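Hello,

Here is the structure we talked about handing over. Please open it alongside this email; my notes follow below.

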Amino acid sequence: MLEGNGIAVAVVHGVIELGKLDQNIHRIESVAEKARAEGVDILLVPSMINGVPIFSTREILRIRKVTETIPGRTSELIAEIANRYNMYIVVGPILERRGSKVYRSAFVVEPSMNIKSVVHQLLAPPNFGQSTMLPMITVNGINIGLFIADDIHMPELSLLMKLVGVDLAVFYPYPQISMDKIIAVARTRALEIRSMVVGVGCTVWKKSEEVFLLPTIVVDDDGTVVQEITDKSMKMVKIAVERDRQRKGAITSAQKKLLKTIAKTLIRYLRFSS
């Protein structure tokens with residue numbers, strides 16, 4: 001916890017080994033231990049920490065065999081870390097099996113309560129489930145908006161986040177987007193929301209060979225890139241997030257009406273276009 005109204009957040013630029021759950025979790029725990037010693041309240045970790053790729057959609061039947069539920073093995077291991085170091089952990093998307101559908105799902109674990117919430121991708125690829133809820137969560141008193149992969153290209157989400165009062169926006173990039181585009185879209189969203197935007201990246205490996213790199217970036221609320229990581233090693237970046245920074249003024253009745261209309265329209269459109 002920072003002095004005043006600030007929250008200490010750590011961003012993990014990860015090293016993810018496909019098919020190596022235990023090794024990935026061990027790396028996350030080592031960063032969590034360091035983060036706790038430095039007073040971090042919330043830890044943001046990258047996607048695919050269970051070692052299962054989430055971006056290949058060609059073999060959906062095979063993909064279903066390696067999905068898991070939430071709660072499940074991965075969330076239980078993360079919950080142990082959260083409880084051990086008394087911190088909130090926001091986990092990037094993994095492949096979640098829910099009924100007959102597969103989702104790209106991020107989730108939040110908090111000390112003692114374990115799973116706090118699960119967030120699904122809105123603009124999901126064919127044969128994947130789509131969210132029917134807006135990707136916004138409250139973690140330790142701050143409002144966090146989540147952009148999973150292609151969701152970052154939805155300006156409608158930025159408007160909703162601005163109206164709700166998001167203190168921090170978190171983006172999980174995908175391999176098909178270039179570094180220049182990642183920076184451009186993150187700067188745009190930061191200016192729209194008037195909030196810091198963090199892209200949580202990682203280096204993905206398989207059998208000692210690099211598969212791809214997803215950069216980690218931090219963009220402040222005036223659109224300035226203050227951190228950019230493209231390393232192939234594990235890194236941790238600390239940031240300070242002001243609690244309630246967007247909610248000092250009350251939302252007007254007109255804004256509330258617009259917010260409800262946009263949310264209903266957006267979710268209805270996504271539901272019928274899938």
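**What I found**

Aspartate 231 is partly exposed, because its relative accessibility is 32%. Bear in mind that this is a predicted model. Aspartate 231 forms a salt bridge with lysine 235, with the closest N and O atoms 3.4 Å apart. Lysine 235 is partly exposed too, at a relative accessible area of 34%.

**Other salt bridges**

The count of salt bridges comes to 8. As a rule, side chains of opposite charge can pair when their charged atoms come close.

One of the bridges joins glutamate 17 and arginine 27, at 2.4 Å from N to O. Glutamate 17 is in strand S1 (residues 6-17) and arginine 27 is in helix H1 (residues 21-37). They are 10 residues apart, and the pair links distant parts of the chain. Glutamate 17 is partly exposed, with a relative accessible area of 22%. Arginine 27 counts as partly exposed, at 22% relative accessibility.

Another bridge pairs glutamate 96 with arginine 98. Their closest N and O atoms are 2.8 Å apart. Is glutamate 96 buried or exposed? Glutamate 96 is buried, with a relative accessible area of 1%. Arginine 98 is partly exposed, at 40% relative accessibility.

**The chain as a whole**

The protein chain has 6 helices and 14 strands. Of its 274 residues, 54% are buried. Take the contacts with a separation of 6 or more: residues 24 or more positions apart account for 71% of them. The accessible surface comes to about 12,300 Å². Carbon and sulfur atoms hold 51% of that surface.

**Aromatic rings**

The count here is 1 aromatic pair. Phenylalanine 55 and phenylalanine 212 form it, edge-to-face. The centres are 6.4 Å apart, with 70° between the planes. Which parts of the chain does the pair tie together? Phenylalanine 55 lies in the loop between strand S2 (42-45) and helix H2 (60-65), and phenylalanine 212 lies in strand S11 (residues 209-214), so the pair ties together parts 157 residues apart in sequence. Phenylalanine 55 is buried, at a relative accessible area of 14%.

There is also a charge over a ring. The charged end of arginine 104 sits over the ring of phenylalanine 128, 5.6 Å from its centre.

**Two buried residues to look at**

Valine 45 is in strand S2. Its relative accessible area is 0%, so valine 45 is buried. Leaving out residues up to four places away in sequence, valine 45 touches Val12, Ile28, Ile89, Val90, Val91, Gly92, Tyr172 and Val200. Valine 31 is 14 residues from valine 45 in sequence, and their C-alpha atoms are 9.7 Å apart.

Serine 75 is in helix H3 (residues 73-85). Serine 75 is buried, at 3% relative accessibility. What does its side chain reach? The side chain of serine 75 reaches the backbone nitrogen of glycine 72, at 2.8 Å. Not counting residues up to four places away in sequence, serine 75 touches Ile70, Phe107, Val109 and Ile115.

**Helix H4**

Helix H4 spans residues 155-164. Its buried residues include Leu157, Ser158, Leu160, Met161 and Leu163. Glycine 165 follows H4. The phi of glycine 165 is positive, near 100°.

Best wishes

Terms used:
Residues numbered from 1 in each chain as written. Predicted model: local features only at pLDDT ≥ 70, side-chain atom pairs only at ≥ 80, totals over all residues. Heavy atoms only, no water. Helix = DSSP H or I, 4+ residues; strand = E, 2+ residues; numbered from the N terminus. Buried < 20%, exposed > 50% of the residue type's maximum accessible area, 1.4 Å probe, protein only. Contact = heavy atoms within 4.5 Å. Areas by Shrake-Rupley, 256 points an atom, 1.4 Å probe, with all protein chains shown as cover. Phe/Tyr/Trp six-rings, centres within 6.5 Å; stacked < 30°, edge-to-face > 60°. Lys NZ or Arg CZ within 6 Å of the ring centre and 35° of its normal. Polar contact = N/O pair within 3.5 Å; in protein donor to acceptor, adjacent residues only side chain to side chain. Salt bridge = Lys/Arg side-chain N within 4 Å of Asp/Glu carboxyl O.
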